[in-house]
Structure formats: structure tokens, C-alpha cells
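Subject: Structure for you to look at

Hello,

Here is the structure I promised to pass on. Please open it beside this email, and you can follow the notes below as you go.

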Amino acid sequence: WEFILARAIVDAVAGDGGAFWETYGGMMPGPETLAHPFLLSDATLRELQDDDMARRARDERELIKALMPDLTTPQHAMDDDQHVTVGAWALALVRSRAMRVGVGAHAVVPFLDCANHASVPSVDYRCASVETPASSGLPPQASDAMADVELVALTDADAGDELRLAYTKGRLTSAEHFEQYGFVPRGGSPADRVRGLPRVPEGRRAARLGRA
């Protein structure tokens with residue numbers, strides 16, 4: 001679905017979506033502002049010091065070329081790096097801006113897709129099969145409104161306050177968040193863990209505590 005939606009975005013901003021999408025396309029971030037690993041140069045990938053992430057990024061570049069060959073030609077390059085193409089740019093937009101709008105359905109919802117991330121959000125959205133958490137205290141979405149995507153406030157806000165969504169509900173690590181959205185949450189993710197540390201046997205740990 002990601003590649004189908006990426007192609008739909010390209011077609012929409014190229015004129016198939018009418019005047020609105022032509023204008024809205026100009027508001028979408030350019031490739032120079034996106035940092036998904038498959039858009040980064042090989043030199044920058046090496047600086048990440050994550051061989052597995054770099055390998056996945058290179059594999060994704062090849063997949064983008066294979067599935068969108070007509071949008072990844074040298075004529076479609078948007079940067080000095082030939083892998084930063086119209087097709088790769090559109091996929092990065094989908095990765096970072098699409099949201100679930102039904103069972104197995106995803107969409108880029110204009111203006112709602114502009115909301116930035118916060119671990120503690122001030123707003124949420126809802127539509128068919130996407131419910132506002134009961135903990136919010138909000139009533140359920142009206143049954144005759146489920147064809148619409150509603151933005152709902154979780155806290156009070158004053159005019160001029162930025163409205164922020166929780167993109168992942170804390171389910172992704174910082175590394176996974178970076179691959180999906182092109183940035184790392186400020187302060188890290190609740191899902192971050194240090195893996196691979198040896199576990200101290202229970203008896204030895206008790207002995208150490210006793211000596212302390």
C-alpha cells in the first residue's frame with residue numbers, strides 16, 4: 001500500500017488531484033528536509049554506525065527502483081545523489097505522513113498530516129475503525145460521522161498553541177522511529193532498551209548487595 005499511495009501522491013501533485021493538490025504539494029516538505037535512511041548519502045549512512053540500518057536503507061533503494069522504475073530515472077533525481085528521486089521522495093512522505101483511516105486503509109489527510117509528534121499528545125484523530133482511547137473521556141464518534149476524519153482535543157489549548165499527535169503511541173524504539181519518520185523523538189522513546197548486557201546471577205547479586 002505504501003508504494004501505491006506514493007504513486008498517488010505524485011499523480012495528485014502533478015495535476016491529477018486538481019488545483020487543491022497542486023497547491024498542497026507545494027506545502028509538503030522537500031527531499032532536503034527529509035532524513036529517512038534510504039534518502040541519506042552513503043557517507044551519512046556510515047556516520048550512523050549502524051550496519052543493519054544502512055543495509056536496510058540500501059535494500060529499500062533497490063526496492064524503490066524496482067517498484068517505481070518510471071519515477072527513479074536520472075531525470076527524476078531531486079538531488080545530487082541519484083537515489084533521491086521523485087519516487088523515493090514520495091515514499092518518504094507516505095512513511096512519515098500517512099495514517100490509518102480504516103481496516104487496511106491508509107491516507108495522507110491534508111493539514112492533519114502537518115501535526116508534529118509528541119510523546120504526550122494534545123490531540124488525537126478518529127474515523128472508521130480508529131477510535132479515541134476511552135481514557136480520553138471523550139464520547140465516541142457519531143456513527144454518521146465515521147466517514148470523516150476528526151481531529152479531537154485531548155487537553156485544553158489556547159489560540160496559537162501547537163497541536164501535536166503521538167505518532168507511535170510509544171511502541172517504536174528511537175531507531176525504528178527514525179527509519180519510519182526520519183527523526184528521533186526528543187528525549188528518546190519509552191520502548192528504548194539496552195540489549196545484550198549480561199544478566200547477573202541472583203546469588204551473586206545478593207552477595208554484592210551484602211558487601212555494599
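Ser 96 is buried, with a relative accessible area of 15%; buried means under 20% relative accessible area, exposed over 50% and partly exposed in between, using a 1.4 Å probe and protein chains only. This residue sits in helix α5. Helices here are DSSP runs of H or I with at least four residues, strands are runs of E with at least two, and both are numbered from the N terminus. Leaving aside residues up to four places away in sequence, Ser 96 touches His 36, Gln 180 and Tyr 181, where contact means heavy atoms within 4.5 Å.

A word on the basis of all this: the model is predicted, so local features need pLDDT of at least 70 and side-chain atom pairs count only at pLDDT 80 or more, while totals for chains, interfaces and linings use all residues. Residues are numbered from 1 along each chain as its sequence is written, and side-chain values use heavy atoms, without hydrogens and water.

Now to the pockets. A pocket is an open set of points on a 1 Å grid over the protein atoms alone, with protein on both sides within 12 Å along at least five of seven lines; a cavity is a set where a 1.4 Å probe fits but cannot get out, and lining residues have an atom within 4 Å of a point. Grid points are joined across faces, edges and corners, and a volume is the space filled by probe spheres set on the points.

The largest pocket holds about 590 Å³ of space. It is lined by 26 residues, and the closest to its centre are Met 99, Arg 100, Tyr 125, Tyr 167 and Tyr 181. Two or more lining residues come from each of α5, β1 (99-102), β4 (123-126) and α6, and α5 gives the most, with 4. By class, this lining has 14 nonpolar, 4 polar and 8 charged residues. Ala, Val, Leu, Ile, Met, Phe, Trp, Tyr, Cys and Pro count as nonpolar, Asp, Glu, Lys and Arg as charged, and the others, Gly among them, as polar.

The second largest pocket has a volume of about 450 Å³. Of its 19 lining residues, Asn 116, His 117, Tyr 167, Tyr 181 and Phe 183 are the closest to the centre. Here α5 and β3 (116-117) are the elements that give two or more residues.

What else does α4 show? Met 53, Ala 54, Ala 57, Arg 61 and Ile 64 are buried in α4. Seen down the helix axis, these buried residues fall within an arc of 100° (taken from the directions from the axis to the C-beta atoms), so they line one face of the helix. On the other side of α4, Asp 51 and Ala 66 are exposed. The cover over the buried residues includes α1 (2-16), α3 (42-47), α5 (86-97) and α6 (174-181).

Finally, Gln 49 lies in the loop between α3 and α4 and counts as exposed, at 73% relative accessibility.

Best wishes
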